[in-house]
Amino acid sequence: QVHLVESGGGLVQPGGSLRLSCAAPETIFTLYNMGWYRQVPGKQRELVAGFVSGGSTKYADSVKGRFTISRDSAKNTAYLQMNNLKPEDTAVYYCNAEKFDPLLAKTLTYWGQGTQVTVSS
């Protein structure tokens, strides 16, 4: 059983900041690409930010310039720094670890339990 442990969600006013953390087992953190998704009721889960093979990052257009994904290898932890938050950023945020396994010919994916982020005045 793989556990991705998230923390850092909460209630913040528009324009405020939050930092989400995701602690992963060392093997997962080392071998998988870490990322963050979010989901609101009635909608599909969407990618917010993530690392891709080679260490590059990708972001949803709606968060570019406001959110930053980072990782600390010493702590096996990925972060999502969220600045200038907007009400439309309100969602449950999920940590994700993913890699393509060529032997199995499929993508292996693990999810955190989710953390609520609410942006409201």
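These legends accompany a set of close-up views of one predicted model.

**View 1**
Let us start with an open sheet of four strands, whose order is 1-3-8-7 and whose pairing is antiparallel. Strand 1 (5-7) and strand 7 stand at the edges; each has a single partner strand, so one side of each is left without a neighbour in the sheet. On average, neighbouring strands of this sheet are turned by 15° against each other, direction ignored.

**View 1. Strand 3 and the strands it pairs with.**
Here we look at strand 3 together with its two pairings. With strand 8, strand 3 pairs in the antiparallel sense over six bridges. Two places to look for in this pairing are S21, which stands opposite Y79 in strand 8, and C22, which stands opposite A78 in strand 8. The pairing of strand 1 with strand 3 is also antiparallel, and three bridges hold the record of it. In this pairing, V5 stands opposite A23 in strand 3.

**View 2. The disulfide between C22 and C95.**
How many disulfides does a search of the whole structure find? The search finds one, and this disulfide joins C22 to C95, with an S to S distance of 1.9 Å. The pair links distant parts of the chain, as C22 lies in strand 3 and C95 in strand 9, 73 residues apart. The torsion about the S-S bond is about -80°, so the disulfide is left-handed. Are C22 and C95 buried or exposed? Both C22 and C95 are buried.

**View 3. The largest nonpolar core.**
In soluble globular proteins, nonpolar side chains tend to be buried together. In this model, the largest nonpolar core has 29 residues. The residues with the most contacts inside this core are M34, W36, V48, F67, L80, M82 and Y93. Which strand gives the most? Strand 9 does, with four residues.

**View 4. The surroundings of F67.**
Now we centre on F67, which is among the residues with the most contacts inside the largest nonpolar core. Leaving aside residues up to four places away in sequence, F67 touches R38, V48, Y59, L80, Q81, M82, N83, L85, D89 and Y93. Among these partners, V48, L80, M82 and Y93 are also listed with F67 as having the most contacts inside the core.

**View 5. Two residues of one loop, S73 and N76.**
S73 has its place in the loop between strand 7 and strand 8, and N76 is found in the loop between strand 7 and strand 8 as well. N76, in turn, counts as buried, because its relative accessibility is 16% and the limit for buried is under 20%. Not counting residues up to four places away in sequence, N76 touches C22, A23, A24, E26 and F29.

**View 6. The tilted pair of Y32 and Y110.**
A search of the whole structure finds three aromatic pairs. In one of them, Y32 and Y110 form a tilted pair, at 5.6 Å centre to centre and with 50° between the planes. This pair links distant parts of the chain: Y32 is in the loop between helix 1 and strand 4, and Y110 is in strand 10 (residues 106-111), 78 residues apart. Y32 counts as buried at 7% relative accessibility, whereas Y110 is partly exposed, with a relative accessible area of 27%.

Y37 and W111 form an edge-to-face aromatic pair, at 5.0 Å centre to centre and with 75° between the planes. Y37 belongs to strand 4 and W111 to strand 10, and the pair links parts of the chain 74 residues apart. Y37 is buried, with a relative accessible area of 17%, while W111 is partly exposed, with a relative accessible area of 35%. To complete the view, include Y94: ring pairs link Y37, Y94 and W111 into a cluster.

Conventions:
Residues numbered from 1 in each chain as written. Predicted model: local features only at pLDDT ≥ 70, side-chain atom pairs only at ≥ 80, totals over all residues. Heavy atoms only, no water. Core = buried A, V, L, I, M, F, W, Y, C linked by side-chain atoms within 4.5 Å. Buried < 20%, exposed > 50% of the residue type's maximum accessible area, 1.4 Å probe, protein only. Contact = heavy atoms within 4.5 Å. Disulfide = S-S within 2.5 Å. Pairing = 2+ DSSP bridges. Axes fitted to C-alpha atoms, helices over the stretch in contact; angles between N-to-C directions. Phe/Tyr/Trp six-rings, centres within 6.5 Å; stacked < 30°, edge-to-face > 60°.
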